[in-house]
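Let's take a walk through this structure together. Have the sequence at hand, and follow along in the 3D view as we go.

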Amino acid sequence: MQFQQLQYFVAVAETRHFTRAADLVHVAQPSLSQQIKALERELGADLFLRARGNITLTDAGEALLPLARRILADADTARHEVQELAQLRSGRVRLGATPSLCTGLLPDVLRAFHDRYPGIRLLIEEGGSHDLVRGLARGALDLALVVLPLPTPSPALTTVELLREDLVVVSSPEAPVPGGGNGRRTVRVADLEGERLVMFRHGYDLRELTVAACRAEGFEPAFAVEGGEMDAVLGFVRAGLGVAVVPRMVAARSGAGLRVTPLAPPGLERTIALAHRSDVAPPRAARELQRMLLER
């Protein structure tokens with residue numbers, strides 16, 4: 001039994017006409033008829049009742065038809081999957097992420113992705129969740145790592161929770177322990193009332209979260225310096241300008257020159273999600289990066 005014979009059989013079964021079936025599969029009608037007869041000999045049964053102007057399926061043909069369609073569909077799926085895998089040899093993935101995630105989460109995952117798919121170009125755009133959502137909406141990004149809840153909920157986006165991460169307080173080892181120390185190994189959000197904060201720029205998710213937590217404790221935070229990105233904020237803290245609230249993953253990767261103090265329970269945490277447009281499936285390479293992020 002040959003794959004081509006099944007194609008011809010299904011074409012005749014659907015058109016109930018040998019000439020129209022031959023046109024459908026782009027083959028001469030005598031060749032199609034010969035292949036159908038060869039298939040019938042192989043199976044040991046007639047598949048069609050042939051009467052002038054009237055082609056019908058026999059019981060054997062009725063039994064074969066759904067199986068033949070399934071085989072052809074499976075072959076088409078296999079072809080599609082192989083073609084998509086071939087696409088992973090070249091192409092691009094446009095990924096948006098907040099700067100803190102570019103520093104903390106992404107390096108290891110992107111290295112593993114690049115090692116596996118060296119032909120795929122990785123285009124990274126840093127920004128706050130609001131900017132990244134707009135980038136997804138206008139088709140400028142394939143995927144984005146955003147902080148939930150989104151500043152403006154969008155029904156056009158699909159989000160999958162990726163992780164929940166604790167926030168910690170970083171300070172210079174040469175400066176006093178945040179909150180006055182008092183022998184405690186943690187600091188409360190309320191203790192930050194007496195501290196000068198190094199604060200991120202407007203639109204930065206960590207800025208909004210920190211300011212909201214301080215206001216929930218009944219005070220307005222005081223800024224020593226504000227307006228920086230992640231690297232700048234960490235540098236200002238190392239220089240002793242003040243303290244900052246940053247993700248634990250970033251603090252762990254920041255190296256020497258910083259004191260890391262956990263926040264006392266209930267502490268602060270943020271929820272990271274992977275987002276893409278709901279109305280457009282991400283490209284094959286982007287879906288593979290999505291899988292690696294979810295399985296990291």
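Start at Tyr 117, which is buried, with a relative accessible area of 11%. Buried here means under 20% relative accessible area, exposed means over 50%, and partly exposed is in between, using a 1.4 Å probe and protein chains only. A word on what you're looking at: this is a predicted model, where local features need pLDDT of at least 70, side-chain atom pairs count only at pLDDT 80 or more, and totals for chains, interfaces and linings use all residues. Residues are numbered from 1 along each chain as its sequence is written, and side-chain values use heavy atoms, with hydrogens and water left out.

Now zoom out. The protein chain has eleven helices and eleven strands; these are DSSP runs numbered from the N terminus, with helices (H or I) needing at least four residues and strands (E) at least two. Its radius of gyration is 31 Å, well over the 19 Å that the globule rule gives for 296 residues, so the chain is more spread out than a compact globule. That radius is taken over C-alpha atoms, and the rule is 2.2 Å times the number of residues to the power 0.38. Even so, 44% of the 296 residues are buried.

Back to the rings. A pair of aromatic rings is described by the distance of the centres and the angle of the planes. Rings of Phe, Tyr and Trp (its six-membered ring) pair if their centres lie within 6.5 Å; planes under 30 degrees apart count as stacked, over 60 as edge-to-face and the rest as tilted. That gives four aromatic pairs. In one of them, the ring centres of Phe 18 and Phe 48 are 5.9 Å apart and the planes sit at 70 degrees, so this pair is edge-to-face. Phe 18 belongs to helix α2 (residues 18–24) and Phe 48 to strand β1 (residues 48–51), so the pair ties together parts 30 residues apart in sequence. Both Phe 18 and Phe 48 are buried. For Phe 113 and Tyr 117, the centres are 5.2 Å apart with planes at 55 degrees, so that pair is tilted. Phe 113 is buried too, at a relative accessible area of 0%. Ring pairs also link Phe 9, Phe 18 and Phe 48 into a cluster.

Next, find Asp 142 in the loop between α7 (129–137) and β5 (143–148). Asp 142 is buried, with a relative accessible area of 10%. Leaving aside residues up to four places away in sequence, Asp 142 touches a set of residues including Arg 92, Arg 94, His 276 and Ala 286, where contact means heavy atoms within 4.5 Å. Ala 286 is one of the buried residues of α11. Eight of the eleven residues in this helix (residues 284–294) are buried, so α11 is largely enclosed by the rest of the structure.

Most residues other than glycine have a negative phi, and most peptide bonds are trans. Yet a cis peptide bond joins Leu 148 and Pro 149, with omega about -5 degrees, and another joins Pro 265 and Pro 266, with omega about 5 degrees. His 26, in the loop between α2 and α3 (29–43), has a positive phi near 60 degrees, and at 73% relative accessibility His 26 counts as exposed.
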